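I opened this model to look up a few things and write them down in order.

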Amino acid sequence: MQYILDASFFFAENHLEGDLWTTAEVAEEIRDHVSKMRFAVLTAEGLKIGGAGPAEVSAVKEAAEKSGDLRVLSETDISVIAFGLATGGTVVSGDFAVQNVCRHLKVPVKSLLSKTAKKKVWKLLCSGCGAEIPAGEKDCPICGSPPKMRGTEKRANGN
Ligand SMILES: [Zn+2]
């Protein structure tokens, strides 16, 4: 399966098995350190860079104009959709306008669901017996051992 990744793929922790492609415009847009690291790792694993010709780019702009998405699409978005149109690959995007234009052009699209943001919550656990040490207590009220920190994953939305 050929996938064409838009920039949003690199902005979060995403995994996809297959023949992975992106465009030069996407590569250009990836600036922050963590996203660049992900890009480098995927490149080492075989991510390739391609691009569509002017005919596909025009076709995408025309379709986006009709669907009303053109004003919210960046040149990067357009490059990704156009490459999908040129190759028949599946566009991977978290952007609603990109997904919409793909549907209009009958370009297969896989919507990228942004994973629920998680934040770490630190708890103090006893290094001796493992009991949770209440906030404000210096040592374990049960056995007197000093605490150790342990991070637990908790979803930011409270679920
Ligand atoms: Zn204890």
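**Aromatic pairs**

I counted the aromatic pairs in this predicted model, and the count comes to three. I looked at F9 and F10 to begin with: their ring centres lie 5.6 Å apart and their planes stand at 75 degrees, so I put the pair down as edge-to-face. An angle over 60 degrees is what that label needs.

I then followed F10 to its pair with F39, which is tilted, at 5.1 Å centre to centre and 50 degrees between the planes. This pair links distant parts of the chain. F10 sits in the loop between β1 (2-5) and β2 (19-23), while F39 belongs to helix α2 (residues 33-44), 29 residues apart. F39 has 14% relative accessibility, and since buried means under 20%, F39 counts as buried. My note for this part is that ring pairs join F9, F10 and F39 into a cluster.

**T23**

I stayed with strand β2, where T23 lies. T23 counts as buried, at 0% relative accessibility. Which residues does T23 touch, not counting residues up to four places away in sequence? I listed I49, G50, S79, V80 and F83.

**Helix α3**

I went to α3 next, residues 54-67. The helix has 14 residues and reaches 20 Å from its first C-alpha to its last, close to the 20 Å expected at 1.5 Å a residue. I found V60, A63 and A64 buried in α3. Looking down the axis of α3, I see its buried residues within an arc of 100 degrees, so they line one face of the helix.

What does the face turned away from the buried side of α3 carry? I noted the exposed residues P54, A55, E65 and K66 there. I also looked for what covers the buried residues of α3, and the cover includes α4 (75-87) and α5 (96-104). G68 follows α3 and has a positive phi, near 85 degrees.

**Zinc site**

Which atoms coordinate the zinc ion? I found the SG atoms of C126, C129, C140 and C143, at 2.3 Å. Along the chain these donors follow the spacing C-x2-C-x10-C-x2-C.

C126 is at 1% relative accessibility and counts as buried. C129 has a relative accessible area of 43% and is partly exposed.

**Whole chain**

I finished with the overall tally. The protein has five helices and seven strands. I read their order along the sequence as β-β-α-α-β-α-α-β-α-β-β-β. Of the 159 residues, 35% count as buried. I also took down the contacts with a separation of 6 or more: residues 24 or more positions apart account for 51% of them.

Technical notes. Residues numbered from 1 in each chain as written. Predicted model: local features only at pLDDT ≥ 70, side-chain atom pairs only at ≥ 80, totals over all residues. Heavy atoms only, no water. Donors = N, O, S within 2.8 Å, 3.2 Å for Na, K, Ca; no water. Buried < 20%, exposed > 50% of the residue type's maximum accessible area, 1.4 Å probe, protein only. Helix = DSSP H or I, 4+ residues; strand = E, 2+ residues; numbered from the N terminus. Expected span 1.5 Å × (residues − 1). Arc of directions from axis to C-beta. Contact = heavy atoms within 4.5 Å. Phe/Tyr/Trp six-rings, centres within 6.5 Å; stacked < 30°, edge-to-face > 60°.
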